Amino acid sequence: MDTIASLFSFITTPVSWVIVQFHSVYGALFGADTGWAWGLSIVSLVILIRICLIPLFVKQIKATRAMQTLQPEMKKIQERYKNDKQRQSEEMMKLYKETGTNPLSSCLPILAQSPFFFALYHVLNSIANNDTIGVINESLLESAQKAHIFGAPLAATFTNTAAEAQALDASITTVRIVTAIMIVLMSASQFYTQRQLMTKNVDTTVKTPFMQQQKMLMYIFPIMFAVFGINFPVGVLVYWLTTNVWTMGQQMYVIHNNPTPGSKAQAAYLERLFKHVTHHGKTRSRGERAIVKAIVAKGRDRNEYERKFITGLSKEGLAAQADGTVVKSEASAVATAEDGTPATPKRQQPKRQTKAQRQSGSAKTADEAEPKPEPTSLSKSDEPEDAKPAAAAKKAAPKPGAGGRSKAQSGQRKGQQRPKSPSKK
């Protein structure tokens, strides 16, 4: 423990000073020796640290999404150089350098919290050993030792013996019940945080080994918290439970307002955004404009949910612009006149006819187009009356080679027909 103290001595004093400042505020409200005063001081320390780490959290989100985008390329490199690990590592580093990504960026918030975590652990352990540390003097040390959270002292652990718990003015049964409940809550919050990340905010179109690793971490981290949690003092369990709850709420906010492209969370977000935009006729906030701008910039590379969103806007007579705004599209302006009256409807296409209908129609058209000679008074006067019956008989007689057919029936070939060959007897 002395080695850890020497490693984190540069931050132990600031952490103890922050706790004392918060304790002076809460002590005036709840009493200086109460567990509420010291417990809320630790909770406030967590909140202050997490607020300072928000820029790192934003960087973590960008790094995680960049890693998800690179998964297909990473998989190709792994398959291409599966027998050459050195070349595989070189190509991976080259890919990271070209795209400006860093795999360690997703671990920045956890790494940044580690010094504060170990500093707080050493502060609470010193209180349990009746040692002053940082700005915590004798009077503050005595006050912290009297503080209990639901009957468990701040410095008590699950592995304490009955004598150690009695020295801290507590029952070993109470200490173990309180610490066990806090360990379960701490592990459950960690599991839920990782689970909602995997089920809602992951691109479902990408299936890579990275996804399998994330699923494994979803179960490994809660088990690690449960195993190591039995050695954490109650104050450290308060710290870690608070930071897990903060992470869970922070992640829920990001998933709800800025989901990963291609994830189920994006489908739900675009559905909500579509209702808001169609109701108001425009994007209402900077975040909405940023989302629409990113979708428009993708062009043909849009995923299924983004294409559905753009198509839905078009059907409603709206168009997304390159700057993220939504305006009334020109297609809807053509559909209505300036005075608001509907424009002329589109001409309907004629129904398609069958082959028999087309052939009968063409034959009928040809018959109607053939001119029929009209008898004149001159022809009637010049022709003798006794010649009329002979002319009529000649006209009625079939021509040779016509096969006894005066007209081609519908659907048959016109013109002279080939005579049938006589059947052989």
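Biologist: Where is aspartate 169 found?

Modeller: This is a predicted model, and in it aspartate 169 sits in the loop between α8 (162-167) and α9 (172-200).

Biologist: Why is aspartate 169 called exposed?

Modeller: Exposed means over 50% relative accessible area. Aspartate 169 has 63% relative accessibility, so it counts as exposed.

Biologist: And what is the phi of aspartate 169?

Modeller: Its phi is near 60°, a positive value in a residue other than glycine. Most residues other than glycine have a negative phi.

Biologist: Which loop holds phenylalanine 150, and what is its phi?

Modeller: Phenylalanine 150 lies between β1 (148-149) and β2 (152-153). Its phi is near 55°, again positive in a residue other than glycine.

Biologist: How do you know whether phenylalanine 150 is buried or exposed?

Modeller: Its relative accessible area is 70%. The cut-off for exposed is over 50%, so phenylalanine 150 is exposed.

Biologist: Which residues make the nonpolar surface patch?

Modeller: Met216, Ile220, Ile223, Met224, Val227 and Phe228 make this patch of about 580 Å². Patch residues need over 30% relative accessible area. Isoleucine 223, in helix α10 (residues 209-229), has 55%, so it even counts as exposed.

Biologist: Which residues does the "transmembrane region" annotation cover?

Modeller: The unreviewed UniProt entry gives residues 7-29, 35-58 and 217-241. In the model, residues 35-58 are 96% helix and 0% strand, with end C-alpha atoms 34 Å apart. Residues 217-241 are 84% helix and 0% strand, with end C-alpha atoms 18 Å apart.

Definitions and conventions. Residues are numbered from 1 along each chain as its sequence is written. This is a predicted model: local features need pLDDT of at least 70, side-chain atom pairs count only at pLDDT 80 or more; totals for chains, interfaces and linings use all residues. Side-chain values use heavy atoms; hydrogens and water are left out. Patches are made of residues with over 30% relative accessible area and no salt bridge: like charges are joined within 9 Å, nonpolar side chains (Val, Leu, Ile, Met, Phe, Trp, Tyr) within 5 Å. Accessible areas come from the Shrake-Rupley method with a 1.4 Å probe; for residues, only the protein chains shown count as cover. A salt bridge is a side-chain nitrogen of Lys or Arg within 4 Å of a carboxyl oxygen of Asp or Glu. Helices (H or I, at least four residues) and strands (E, at least two) are DSSP runs, numbered from the N terminus. Buried means under 20% relative accessible area, exposed over 50%, partly exposed in between (1.4 Å probe, protein chains only). UniProt positions are given in the numbering used here, feature names are shortened, and annotations may be inferred rather than shown by experiment.
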